[in-house]
Amino acid sequence: MSAPESLTGGREQRMLAIIETARAKPARFRDERITLAHGAGGKATQTLIEGLLVPALGRPGSALAQLGDSGAVLAGGARLAMTTDSFVVKPLRFPGGSIGELAVNGTVNDLAVSGARALALTVSLILEEGLDTEVLRSEVAAIAAAAQTAGVEIVAGDTKVVERGAADGMYICTSGIGAIDPRGTLSSDAIVAGDRVLLSGPIAEHGTAVMLARNLFELDASIESDTCSLWPAVDALLGAAGPALHCMRDATRGGVASVLNELARAAGVSVTVRAADVPVAPSVAAAAELLGIDPMYVANEGRLVAFVAPAAAEQALAALRSVAGCEQAALIGSVGQEPPGMVAVETGFGGRRVMDQLVGDPLPRIC
Amino acid sequence: MRYVDEFRDAQLGQALAAEILAAADPGRPLKLMEICGGHTHSIYKYSLGDLLPASVELVHGPGCPVCVIPMGRVDDGIALARTDGLIFTCFGDMLRVPGSEQTLLDAKAQGADVRMVYSPLDALAIARNNPDREVVFFAIGFETTAPSTALTLRRAKAEGMANFTCMCNHVTIVPPLRALLESPDLRLDGFVGPGHVCTIVGTRLFEFIPADYGRPIVISGFEPLDILQSILMLVRQRQDGRCEVENQYTRVVPRDGNPRALEVMAEVFELRPHFEWRGLGSIPHSALGLSEAYREFDAEQRFDVPGVSVADPKACQCGEVLKGVIKPWECRVFGTACTPEHAIGTCMVSPEGACAAYYNYGRLAAPKQAV
Ligand code: SF4
């Protein structure tokens, strides 16, 4: 690693350059079958989207091709954002939330991080034959309650029932439409070297809570999902930073690490994160340690990362911290130029290493 | 968590690094091998290489359980997994290990009932819940995980489970180390020893390394500070002209290991005459099969396992990586044809594999050196 660097450093560096060139090429989708990894939000998902879906469905430069959390549409002069999401979490209920609540917050949050306040949602239910109607009742109530909290109306819905075994209890799909807030002009292209990276709260709580709720591990920890509407946090950021707020994402599947990788790649910048500044609750860190999973890759359902111009960063952070649930928001890193598309971590030991995209799926069906 | 945090404390780390720098002799480079994949992973994850002086070099060793599984065993596992009605269970890491045609994950996508488990007891529970189906557990690992497989089989026997078997791929750490130490081009000056293995087998087992081969070894824990301290202990041995087994991981490792674990292993397993290792070829007495008393739980006895031996792919240099002869990036296909998402070799699959650790964490090495 260190001794022969004068001899091999040049060769090693050339090798690494070749790898980065290969990685920067648009992904080609070559897999023969869909595996769980394609749904994990990491490398395989990216390949599926960039290599199959976007080429087939998106025009170059279209809203879809921008790969945001939602797509912008113009309707009679109004700037709207539209998005859709489906939920297959197992188990249906877990500490801190349930599939119904997730289904509302997930879509509200995809709109929110695009700078849009959710106006209306549609809800589709796919139910498995034999589902206990008490479960259905309580999930519908959870949908209603979450919608009310988020201040969004459910305007249409659909119900399908499939044979026993063709679904696992219930799946929910929600679509949403929101009004883009005029205070912000958000886009991954707006991210530039020098930007600061903000995180809205402690990470990995949702994924860990769901994982523990499966009772696969003899581990007793009271960890609750972080699922919540992110609009109040977005509202505060837009108010404090306005145009200095360059881009946001909610760190769902694949966690903070995956979101940062996506954005670094999309914006052609590098991102450096200081590991010591990333808030992780001790119980979550301990559980992740036992499960052998890095919290940076674990899903959140109520956390966002925001890229803010340096001059506005402190102000944005203060505004974020004043929002209920975001008291532990933190400045976790900054944007640089080289090498483009790469996310690095400064370890507590003063070393630097890569924080790559997730490969494979350690935790299937987390949302 | 406090316990873990304490061993990751950055200031202590910097202090240890300073001590290593002071004790190391710049004129006499020290090439140290960390035997265990868990160490390799930690070293990259915390980029400990950044903290070492140029005269102390770390080389990665053969102790990654997934990395040493040859393609033939994967193919055998896939053939078993395809058996009608059978439930095939294994650790998650195994799912993406390439066989000659495909991975277990591919077989699963094609309909094989392959399930990821976190412990052999999970596999036994699946067998209990599916009494009308055969359940096979694909066991891998060094002496660290062998006792839990053994205990699971003991329990299966006590419960009279008729539908549970194990395809045993447990290996032992000493034979590949001996093979390594015997090789004529050996250029290692010492070893960071496998802490978890030693909690089972004790440190005594490693006394042959200084005695027969004149190389020091320090049994090390897995936190970054453990590893740095072990490196410091090795540097000190050189400084003092000593060559012995030392134990850094005293909070866990006793000299004689864990007698109860050894006892259940002796009951359930017996040494196989030969076992094929990925990249290292066939090594005598290097792996565990099920003993006579547990034959009925041996998947290789109950089912028709092809038992194929498949040569490693031509492009693959995993053997040289496992022996520490080349660095991961020196492999011809590293990072281009062989990546974590489409691996050719095993070292790119397991998080403990040197290639995966370097690819996932270490790709910054060169720009950093250029500074
Ligand atoms: S790059 Fe791939 S083939 Fe080469 S040694 Fe590493 S794992 Fe084996």
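Predicted model: local features only at pLDDT ≥ 70, side-chain atom pairs only at ≥ 80, totals over all residues.
**View 1. Chain B as a whole.**
Start with the overall build: chain B has 16 helices and 13 strands. Its radius of gyration is 21 Å, close to the 21 Å that the globule rule gives for 371 residues, so chain B is as compact as a globular protein of that length. Its C-alpha trace spans about 65 × 45 × 45 Å along the principal axes. Of the 371 residues, 60% count as buried. Take the contacts in chain B with a separation of 6 or more: 76% of them come from residues 24 or more positions apart.

**View 2. Phe88(B) in the largest nonpolar core.**
In soluble globular proteins, nonpolar side chains tend to be buried together. Here, the largest nonpolar core holds 109 residues. Which of them touch the most other members? They are Phe88(B), Phe164(B), Phe191(B) and Phe206(B). Now zoom in on Phe88(B) and skip its neighbours within four places in sequence: its contacts include Leu80(B), Leu104(B), Val136(B) and Phe138(B).

**View 3. Helix α6 of chain A, mostly covered.**
This helix runs over residues 231-241, and eight of its 11 residues are buried. The buried ones are Trp231(A), Ala233(A), Val234(A), Ala236(A), Leu237(A), Leu238(A), Ala240(A) and Ala241(A). What covers them? The cover includes the helices α3 (99-112) and α9 (310-321) of chain A, along with the strands β5 (116-128), β8 (196-199), β9 (245-250) and β11 (304-308). Just after the helix, Gly242(A) takes a positive phi of about 50 degrees.

Stepping back, chain A has nine helices and 14 strands. Its radius of gyration is 20 Å, close to the 21 Å that the globule rule gives for 367 residues, so chain A is as compact as a globular protein of that length. Of those 367 residues, 52% count as buried. The chain exposes about 15,600 Å², and carbon and sulfur atoms supply 55% of that. As for charge, chain A carries 28 positive and 40 negative side chains, and the centres of the two sets lie 7 Å apart. In chain B, there are 35 positive and 45 negative side chains, with the centres 2 Å apart.

Key
Residues numbered from 1 in each chain as written. Chains lettered and ligands numbered in written order. Heavy atoms only, no water. Helix = DSSP H or I, 4+ residues; strand = E, 2+ residues; numbered from the N terminus. Rg over C-alpha atoms; globule rule 2.2 N^0.38 Å. Buried < 20%, exposed > 50% of the residue type's maximum accessible area, 1.4 Å probe, protein only. Contact = heavy atoms within 4.5 Å. Lys, Arg positive; Asp, Glu negative; His and termini not counted. Charge placed at Lys NZ, Arg CZ, Asp CG, Glu CD. Core = buried A, V, L, I, M, F, W, Y, C linked by side-chain atoms within 4.5 Å. Areas by Shrake-Rupley, 256 points an atom, 1.4 Å probe, with all protein chains shown as cover.
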